[in-house]
Amino acid sequence: MNTNNVLFLGNGINNVYNGKDESWESLLKKLCEKYNVDYQITKVLPLPLLFEHIISFNFRKNDKVEIEAKQFIADYLMKFYPENLHKLIASLDFNNIITSNYDLTIEKAMSKNSKFHNLGEIKETHYNLFRRYEIGNTTIWHMHGTILNRNSITLGFEHYSSYLRMMQEYLLFGNNYKNKIDGVKTKLNNNTLVKTTSWIDLFFTHDIYILGLSLDFSEFPLWYLINKRFKMKNGAFKNKIKNKIFYFYSKYDFNDIENSKPRNNSEQNKKSKIDFLESFDVTTIPIKDFYKNESYYETCLNKINNIKG
C-alpha cells in the first residue's frame, strides 16, 4: 500500500459511459426537464450557476425546490454502478482517494456492502471537510458531499461560497465546531500534520494525482486551495511542504497549445488553465487520447503507477 500517494478523481470517469442513461449529462437534462428549464440554453453555464438558475426559476412557487432537487440528484445517482474503470481503480493500492463525485461507484467497486458510514472526526451536515468512508485500507473523501446525505451535496454558488469560507477557516485557524481540530497552518508549525483529519491535509503532505477533473474556473474553492498551497510552499513553509501535485489532461483538447494559438474561447480557457496550474507548481501531464475513452484513463493510471513507483 502506497501511503504517500492520493488519487483525486473527478466526474470524467463517469462520462466515459455517456452512451448509457446513467451519466452526469443525462442527469442534468432530467433535472432541467423536471423543473421546466431549457437545457440547450443553460448547458453552457458553469454547473454552480446552472443549478442556481434552476432553483431561482422555481423558488417563488416552491421554496423547498433546492432540497427536492438535491434529493432528485441523490436518487438518480444511487443507481450508478461500477464500470470497468471503477473496478480498475478499486484494484490499485491507493491509501486515500479524494473525489468530487457524489456517487458511490468506487465504494461499490471495493465492497459488496451496501451500507457506508461517515467516519469523519466531525459529523458534518452541510459541508465535507471531514466526511470520509473507509473500505479495507482505503479512505475515500467526498469533498463535494455524497448521495447518502442530500444536504451535503455541494451545488450552487451559495453553497460553494460557504464551503470556501469553511475551507479557509480550517486551513488558517482550525474549525469552529465543539470538537476543536487544529488548522493546517498550526499543524505545520507544530510538526503535527501527521494524522489526516481532513482531505485538505493531504494537499500539504501527500503526492496528489488529479484525474478526470475538468477543474474549470467555477471550482473556485479548489483554485483557492491550490493557490494558497503554492504561496505557503514558497513562503513561510517552504521547508515543510515537500509533496507534489500532478494534473492529467487530454491533449486531444489542445490541438494548438504548442503553438500558443487557441482557435476559440474554449481552447483559450483550457490553455489558460494549464498555464495557471503550472504557475502554481502543479505538474501537468498531457495524454494523447480522447478524454471520453477508457484507454485514456488506463494510460493515465499506468503513468501514475510509474511515477509513484
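**Close-up views of a predicted model**

View 1. With a relative accessibility of 55%, N36 counts as exposed, because exposed means over 50%. The model shown here and in the other views is predicted. N36 sits in the loop between α2 (24-34) and α3 (39-42). The phi of N36 is positive, at about 55°, although N36 is not a glycine. Most residues other than glycine have a negative phi.

**View 2. D281 in a loop between a helix and a strand.** D281 lies in the loop that runs between α12 (265-279) and β7 (282-287). D281 is not a glycine, yet has a positive phi of about 65°. The relative accessible area of D281 is 32%, so D281 is partly exposed.

**View 3. Helices α6 and α13.** Two packed helices are described by the angle between their axes and the distance between the axes. Here the axes of α6 (residues 84-91) and α13 (residues 294-308) come within 10 Å, and they cross at roughly 10°. The two helices α6 and α13 are therefore roughly parallel to each other, since angles under 35 degrees count as such. On the α6 side, the contact involves N84, L85, L88 and I89; on the α13 side, it involves E294, Y297, E298 and L301. The residues of this contact of α6 with α13 comprise five nonpolar, one polar and two charged.

**View 4. Helices α4 and α8.** The axes of α4 (residues 47-59) and α8 (residues 157-172) come within 8 Å and cross at roughly 130°. That angle makes α4 oblique to α8. P48, L49 and E52 from α4 meet F157, E158 and Y160 from α8. Among the residues of the contact of α4 with α8, four are nonpolar, none is polar and two are charged.

**View 5. Cysteines C32 and C300.** C32 has a relative accessibility of 1% and so counts as buried. C300, at 0% relative accessibility, also counts as buried, because buried means under 20%. The structure holds zero disulfides.

**View 6. Residues 256-260 and the confidence of the model.** The mean pLDDT of the protein is 88, and 91% of its residues reach 70 or more. Over residues 256-260, the pLDDT is below 50. This stretch has ten contacts in the model beyond near neighbours in sequence. Where pLDDT is low, the predicted coordinates should not be read in detail.

Methods
Residues numbered from 1 in each chain as written. Predicted model: local features only at pLDDT ≥ 70, side-chain atom pairs only at ≥ 80, totals over all residues. Heavy atoms only, no water. Axes fitted to C-alpha atoms, helices over the stretch in contact; angles between N-to-C directions. Helix = DSSP H or I, 4+ residues; strand = E, 2+ residues; numbered from the N terminus. Parallel < 35°, antiparallel > 145°, perpendicular 65-115°, else oblique. Contact = heavy atoms within 4.5 Å. Nonpolar A, V, L, I, M, F, W, Y, C, P; charged D, E, K, R; others polar. Disulfide = S-S within 2.5 Å. Buried < 20%, exposed > 50% of the residue type's maximum accessible area, 1.4 Å probe, protein only. pLDDT = per-residue confidence, 0-100.
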